[in-house]
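Subject: The structure I promised you

Hi,

Have a look at it first, then read on.

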Amino acid sequence: MLRWSLGFLVLALISAILGFGGIAGAAAGIAQILFFVFIALVLLSFVLPVIKKPNA
């Protein structure tokens with residue numbers, strides 16, 4: 001998923017440089033959504049091991 005978000009980020013930057021507003025806006029929107037999904041998954045991966053400690 002990180003690869004997808006980086007790909008859309010690069011596409012948005014290249015489109016913005018070339019001046020294609022519609023393509024850049026769409027790619028930036030998709031990259032932003034994927035970024036927030038990735039951040040949520042990272043936070044879950046940090047929180048879940050703390051919550052589910054093994055009973056020793």
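To start with a term: helices (H or I, at least four residues) and strands (E, at least two) are DSSP runs, numbered from the N terminus. With that in hand, isoleucine 39 sits in helix α2, which covers residues 21-51.

A word on where this comes from: it is a predicted model, where local features need pLDDT of at least 70, side-chain atom pairs count only at pLDDT 80 or more, and totals for chains, interfaces and linings use all residues. Residues are numbered from 1 along each chain as its sequence is written, and side-chain values use heavy atoms, with hydrogens and water left out.

**Overall shape**

The protein chain has two helices and zero strands. Its C-alpha atoms fill a box of roughly 60 × 15 × 10 Å along the principal axes. The radius of gyration (taken over C-alpha atoms) is 17 Å, whereas a compact globule of 56 residues would have one near 10 Å. That globule rule is 2.2 Å times the number of residues to the power 0.38.

How much of the chain is buried? Buried residues make up 14% of the 56. Here buried means under 20% relative accessible area, exposed over 50%, and partly exposed in between (1.4 Å probe, protein chains only). The chain exposes about 4600 Å², and carbon and sulfur atoms supply 79% of that. Accessible areas come from the Shrake-Rupley method with a 1.4 Å probe; for residues, only the protein chains shown count as cover.

**Where the helices meet**

The largest nonpolar core has five residues: Phe8, Ala12, Ala27, Ala31 and Leu34. Such a core is a set of buried Ala, Val, Leu, Ile, Met, Phe, Trp, Tyr and Cys residues joined through side-chain atoms within 4.5 Å. Both α1 (2-18) and α2 supply at least two residues of this core, and α2 gives the most, with three.

Leaving aside residues up to four places away in sequence, Ala27 touches Phe8, Leu11 and Ala12, where contact means heavy atoms within 4.5 Å. Leucine 11 is in helix α1 and is partly exposed, with a relative accessible area of 38%. Glycine 29, in helix α2, counts as partly exposed because its relative accessibility is 24%.

**The greasy patch**

Which residues make the nonpolar surface patch of about 1200 Å²? They are Ile33, Phe35, Phe36, Val37, Ile39, Leu41, Leu43, Leu44, Phe46, Val47, Leu48 and Ile51. Patches are made of residues with over 30% relative accessible area and no salt bridge; like charges are joined within 9 Å, nonpolar side chains (Val, Leu, Ile, Met, Phe, Trp, Tyr) within 5 Å. A salt bridge is a side-chain nitrogen of Lys or Arg within 4 Å of a carboxyl oxygen of Asp or Glu.

Isoleucine 39 is partly exposed because its relative accessibility is 33%. Leucine 48, also in helix α2, is partly exposed at 42%. The C-alpha atoms of leucine 48 and glycine 7 are 29 Å apart, and 41 residues separate them along the chain.

**One more residue**

Tryptophan 4 belongs to helix α1. Why does tryptophan 4 count as exposed? Because its relative accessible area is 59%. Its C-alpha atom lies 32 Å from that of lysine 53, 49 residues away along the chain.

Cheers
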